[in-house]
Amino acid sequence: MNDASGEAGIEFPINQTLLDEATQTKEEWRVVRDRLAKIEEHKSNVSPSVYERVRTDYKARLKVVTDAVLKKKADVDEELGKLHETRSKIVADLEQHRHSLEEIKFRHTLGEYNEEEYQNQARVEQDKISKFETVLSAVNSNIHRYEAIYKDEPGLFAPQEQPAAKEETSEVVETSGFTPARHEAEPMTDEAGYVIEEGGPDYFGVTDAERTNPNVEESATAKGPLGPVEMEAEPGVQRGRIVVINGDDAGAAYPLKGTASFGRAESNTITIRDAKVSRQHAQVQQQGTEYVLVDLNSSNGTYVNGQRIEEHVLSNGDEIRIGDCIMQFQV
């Protein structure tokens, strides 16, 4: 079903079905998140078995609704892209007609047109300008309606902006061969007490012995600006992965194999460009069928489901927060 926006008889269609579905999935995501927070808040009121059962249920629900939100967000972005392109064309046409009207007035000043000729030509251009202005207003209204869907969820998505150009980095990264981080300034803190810069050597880099250890598994990833691009897993093997759920890279998935590190330094498997993130912040170690998240004595901590951790065995749907980056563990 399509709705329409506009005035003075000029309409510009909008996908009302998409608007409704996107709004509904975002609300479902918010409800599940709120209930997960209440589960943690009231965990002491129930037995551990009941707490774990209900928590597991809602973690599974969170994965489903997060996937749904990401899909709808992609659909909304596609519609916004079309609207921005249309707006650019309308603005260009509007500017052309305004220039034409300006030229007509100038030529009339020079005596090229008599009053009747001037009024007729000026009226034609003014009518076109008015129509383009009305259509432009309708397009802007539709853009605002799409953008307003996620405006009240800054923790889920970054503002609607065109992504900046990114360096192309497609080489495969091995977790057994990190390069040392570059030297940075001494630590500083912001008003909230977060460490925003760090200095000193890289105490968590891989040793020479580890670099030559043939038993250390390679990362099944190709590194990008925030982390890797997913590669094909081994046949018959179910691998864990990290999925980003906020920021410009929302929806990006990073498969896990062996040991994967998180941090601000370029040497990490997943680089997080955030001043609150340590150069070598945390790592996920695969131990058999389990994936263990370990904080590497970071300045601002590593959080799982809102709780600061030193070491944590990840479960499907666990939410990981490092600095302002929010990710989810999935299997």
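**A mixed sheet and its surroundings**

Five strands make up an open sheet with mixed pairing, in the order 10-9-11-12-15. Here strands are DSSP runs of E with at least two residues, helices are runs of H or I with at least four residues, and both are numbered from the N terminus. Two strands pair if DSSP finds at least two bridges between them. Strand 10 (270-271) and strand 15 (311-313) are the edge strands, each pairing on one side only. This is a predicted model, in which local features need pLDDT of at least 70 and side-chain atom pairs count only at pLDDT 80 or more, while totals for chains, interfaces and linings use all residues. Residues are numbered from 1 along each chain as its sequence is written, and side-chain values use heavy atoms, with hydrogens and water left out.

The chain as a whole contains four helices and 17 strands. Of its 331 residues, 39% count as buried; buried means under 20% relative accessible area, exposed over 50%, and partly exposed in between (1.4 Å probe, protein chains only). The chain exposes about 18,800 Å², and carbon and sulfur atoms supply 49% of that area. Accessible areas come from the Shrake-Rupley method with a 1.4 Å probe, and for residues only the protein chains shown count as cover. Among the contacts (heavy atoms within 4.5 Å) with a separation of 6 or more, 58% are between residues 24 or more positions apart.

Helix 2 covers residues 48-109 and has 62 residues. Just after helix 2, glycine 111 has a positive phi of about 90°.

Back in the sheet, strand 9 (residues 259-263) and strand 11 (residues 282-287) run antiparallel and are joined by four bridges. Strands 11 and 12 form a hairpin with two residues between them, and glycine 288 in the turn takes a positive phi of about 70°.

Serine 261 belongs to strand 9 and, at 1% relative accessibility, counts as buried. Its side chain makes a polar contact of 3.1 Å with the side chain of asparagine 268. A polar contact is a pair of N or O atoms within 3.5 Å; within protein, one must be able to donate a hydrogen and the other to accept it, and residues adjacent in sequence count only if both atoms are side-chain atoms. A polar atom of the serine 261 side chain also lies 3.1 Å from the backbone nitrogen of threonine 269.

Leucine 314 sits in the loop between strand 15 and strand 16 (319-322), and is buried with a relative accessible area of 8%. Leaving aside residues up to four places away in sequence, leucine 314 touches Val284, Tyr291, Leu293, Ile320 and Phe329.

A search of the whole structure finds one aromatic pair. The rings of tyrosine 291 and phenylalanine 329 have centres 5.4 Å apart and planes at 50°, so the pair is tilted. Rings of Phe, Tyr and Trp (its six-membered ring) pair if their centres lie within 6.5 Å; planes under 30 degrees apart count as stacked, over 60 as edge-to-face and the rest as tilted. Tyrosine 291 lies in strand 12 and phenylalanine 329 in strand 17 (residues 325-330), so the pair ties together parts 38 residues apart in sequence. Both tyrosine 291 and phenylalanine 329 are buried.

Notes. Expected span 1.5 Å × (residues − 1).
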